[in-house]
Amino acid sequence: MTAPAALPDLGAYRRFIVAFSGGKDSLAALLHLLSLGVPAHSIELHHHDVDGHGPTFMEWPCTPAYVRAIADHFGVALYVSWREGGFARELARDDAPTAPVLFETPTGVGRAGGNGPAGTRGLFPQTSPDLRARWCSPALKIGDLAAAIRNQPRFLDGRTLVITGERAEESPSRARYATARAASHIYPRACGRSLAPGP
């Protein structure tokens, strides 16, 4: 049996970002932070709308309202990001760059990317632990949160802890994730140190 990983010094962080899908893992992460005494005003839920504010393609239609209700109930800030055209546009991408990411900020909506090299996707994400083959996570979730953080100067003021919820029981590769680890390479400019799954 492995000893539980030590928690980071929560007092060292100005804000806590929970990558919030609305599922049980991210909800458990939010509830755990609150149970540890992290004040609600220091927590931000960041939800990524995988359908890109367009017609329902991959997301449950009730998810946006549910996520907002959770944020309202616990008195935490909610910020939504989306890739222009969402999952459907990225899946159908043909000789075009990956679309830009749009993200809510405290003062409006920011925009990042969309000017990369032209490419063609045309394949549904593969079931694989390799994120190069399973493109939906980096193209529609992880990369979008990183873009939202990197493109807001407010994240340069104080340390930010990024929390994601992954169940070790979900897959053999997730069972090997470190419970907590420094991931300054993911958001080097914005966060300093954050929590992220280990390799």
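The numbered points go from the whole chain to its elements and then to single residues.

1. Basis of the reading. This is a predicted model, in which local features need pLDDT of at least 70 and side-chain atom pairs count only at pLDDT 80 or more, while totals for chains, interfaces and linings use all residues. Residues are numbered from 1 along each chain as its sequence is written, and side-chain values use heavy atoms, with hydrogens and water left out.

2. Overall make-up. The protein chain has five helices and six strands, where helices (H or I, at least four residues) and strands (E, at least two) are DSSP runs numbered from the N terminus. Along the sequence these elements follow the pattern β-α-β-α-β-α-β-β-α-β-α. Of the 199 residues in the chain, 40% count as buried; buried means under 20% relative accessible area, exposed means over 50%, and partly exposed lies in between, using a 1.4 Å probe and protein chains only. Among contacts (heavy atoms within 4.5 Å) with a separation of 6 or more, 63% are made by residues 24 or more positions apart.

3. Strand β2. Strand β2 pairs with β1 in the parallel sense over four bridges, two strands being counted as paired if DSSP finds at least two bridges between them. Within this pairing, His46 of β2 is the bridge partner of Ala19.

4. Glu44 lies in strand β2, which covers residues 43–48, and it counts as buried because its relative accessibility is 8%. Its side chain is joined to that of Arg154 by a polar contact of 2.7 Å; such a contact is a pair of N or O atoms within 3.5 Å, of which, within protein, one must be able to donate a hydrogen and the other to accept it, and residues adjacent in sequence count only if both atoms are side-chain atoms. Leaving aside neighbours within four places in sequence, the residues in contact with Glu44 include Arg15, Phe16, Ile17, Tyr79 and Phe155.

5. The largest nonpolar core. A nonpolar core is taken here as a set of buried Ala, Val, Leu, Ile, Met, Phe, Trp, Tyr and Cys residues joined through side-chain atoms within 4.5 Å. The largest one has 22 residues, of which Phe16, Val18, Phe20, Leu30, Leu33, Ile43 and Leu45 touch the most other members. The elements giving two or more residues to this core are β1 (15–19), α1, β2, α2, β3 and β6 (160–163), and the largest share, four residues, comes from α1. Leaving aside neighbours within four places in sequence, Phe20 is in contact with residues including Leu30, Leu45, Val67 and Ile70.

6. Helix α1. The buried residues of α1 are Asp25, Ser26, Leu27, Ala29, Leu30 and Leu33, and what covers them includes β1, β2, α2 and β6. Just after this helix, Gly37 takes a positive phi of about 90 degrees.

7. Helix α2. The 12 residues of α2 (residues 63–74) should span 16 Å at 1.5 Å a residue, and the end C-alpha atoms are 17 Å apart, which agrees; the expected span is 1.5 Å times one less than the number of residues. In α2, Thr63, Val67, Ile70 and Ala71 are buried. They cover an arc of only 95 degrees around the axis, which puts them on the same side of α2, the arc being that of the directions from the helix axis to the C-beta atoms. The face turned away from this buried side carries the exposed residues Ala65, Asp72 and His73. Cover for the buried residues of α2 includes α1 (24–35), β2 and β3 (77–83). Gly75, which follows α2, has a positive phi near 70 degrees.

8. The hairpin. Strands β4 (residues 101–105) and β5 (residues 108–112) pair in the antiparallel sense over five bridges, and they form a hairpin with two residues between them.

9. Tyr13 lies in the segment before β1 and counts as buried at 11% relative accessibility. Tyr13 and Arg159 are 146 residues apart in sequence, and their C-alpha atoms are 4.8 Å apart in space.
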